[in-house]
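I'd like to walk you through some side-chain contacts, so let me put the sequence and the structure up first.

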Amino acid sequence: MADRNKRSYKERFQDQFKFNIPDSFLLQSFDLKTEESKGFDLFLEQDSESASCIWDASIVLSSFMVETAGTSEFREKRCLEIGSGCGLSGLVMGFLCKEMILTDLGEVMPVLHRNVESNVEKWKEFLNLYGKGDEEKEGAKKSAEWNVKSIELFWGNDCSHLNPPFDVIIGADVVYEIQAFDLLITSLVELSSPETLLLFSFKHRWADLEKYSF
């Protein structure tokens, strides 16, 4: 990440971003033949004009899930990402849970849709190479289907089309402007229940905002 931060804003966000999901992580959920595999690479398009970029908080949250999250607690969970942007964290979480919905504003949806659809197609190709046949599967692991989808959500608006509540809600760097915080809370309340787990990462910027938020 240090080398990445040495680049200018435009340089950081003009290229496709690659994030590797290691075999050790995938094997917790899927039956795979990994003798020749080097994991699964997510490729994400970025768009600096709509701020649909891979922010550092998303990399940290995704890395945390890969390195420390146990799949058993999420395997039967419905999960949602709020403020998905390019969709990195939501796509990673999608490998852990039963259903993953990535959400963002309308102007962000084109790049988010493309990233979800293109990586789902890449996953199908990966399974053709490394997925085990039915006779080889070990039963307890989840379906090879990567159940991820992207749906528009404007904070503060009705969320019923998403069929809440969700078991887990994640977000990366969504706490950015204090003016939007009340709308975020309104949506989080509608999307969650008392049992919902909220998992957020953010970059330290302004103490007043963090005090107001947390």
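At 15% relative accessibility, Glu99 counts as buried, because the cut-off for buried is under 20%. Keep in mind that this is a predicted model.

So where does Glu99 sit? It belongs to strand β4, residues 99-104. And that strand is well wrapped up: 6 of the 6 residues of β4 are buried, so the rest of the structure largely encloses it.

As an example, Cys79 has Met100 in β4 as its bridge partner. On the other hand there's β5, which pairs with β4 over 5 bridges, again in the parallel sense. There, Leu102 is partnered with Ser150 in β5. And if you follow the chain through β3, α5 and β4, you trace a right-handed β-α-β unit.

Back to Glu99 and its charge. Side chains of opposite charge can pair when their charged atoms come close. Which residues does Glu99 pair with? One is Arg78, in a salt bridge at 2.8 Å, N to O. That pair links distant parts of the chain, since Arg78 is in strand β3 and Glu99 in strand β4, 21 residues apart.

Another partner is Lys149, with a salt bridge to Glu99 at 4.0 Å, N to O. Lys149 lies in strand β5, so this pair ties together parts that are 50 residues apart in sequence. Lys149, at 34% relative accessibility, counts as partly exposed. Put together, Arg78, Glu99 and Lys149 make a network of salt bridges.

Arg78 has something else going on, too: its charged end sits over the ring of Phe166, 4.2 Å from the ring centre.

How many salt bridges are there by this rule? The count comes to 4. Another of them joins Glu45 and Arg114, at 2.7 Å, N to O. Glu45 is in the loop between β2 and α4, and Arg114 is in helix α6, so they tie together parts that are 69 residues apart in sequence. Glu45 counts as partly exposed at 27% relative accessibility, and Arg114 does as well, at 40%.

Okay, last topic: rings. A search of the whole structure turns up 9 aromatic pairs. Take Phe95 and Trp123: their ring centres are 5.1 Å apart and their planes are at 70°, so we call that pair edge-to-face. Phe95 is in the loop between α5 and β4, and Trp123 is in helix α6, 28 residues away.

Now, is the pair of Trp123 and Phe126 stacked or edge-to-face? With centres 5.4 Å apart and planes at 15°, the pair is stacked. Both lie in helix α6, 3 residues apart, about one turn of the helix. Trp123 and Phe126 are both buried. And these rings belong to one aromatic cluster, formed by Phe40, Phe95, Trp123, Phe126, Tyr130 and Trp146.

Notes
Residues are numbered from 1 along each chain as its sequence is written. This is a predicted model: local features need pLDDT of at least 70, side-chain atom pairs count only at pLDDT 80 or more; totals for chains, interfaces and linings use all residues. Side-chain values use heavy atoms; hydrogens and water are left out. A salt bridge is a side-chain nitrogen of Lys or Arg within 4 Å of a carboxyl oxygen of Asp or Glu. Helices (H or I, at least four residues) and strands (E, at least two) are DSSP runs, numbered from the N terminus. Buried means under 20% relative accessible area, exposed over 50%, partly exposed in between (1.4 Å probe, protein chains only). Rings of Phe, Tyr and Trp (its six-membered ring) pair if their centres lie within 6.5 Å; planes under 30 degrees apart count as stacked, over 60 as edge-to-face and the rest as tilted. A charge sits over a ring if NZ of Lys or CZ of Arg is within 6 Å of the ring centre and within 35 degrees of the ring normal. Two strands pair if DSSP finds at least two bridges between them. A crossover is right-handed if, with the strands pointing away from the viewer, the path from the first strand over the helix to the second runs clockwise.
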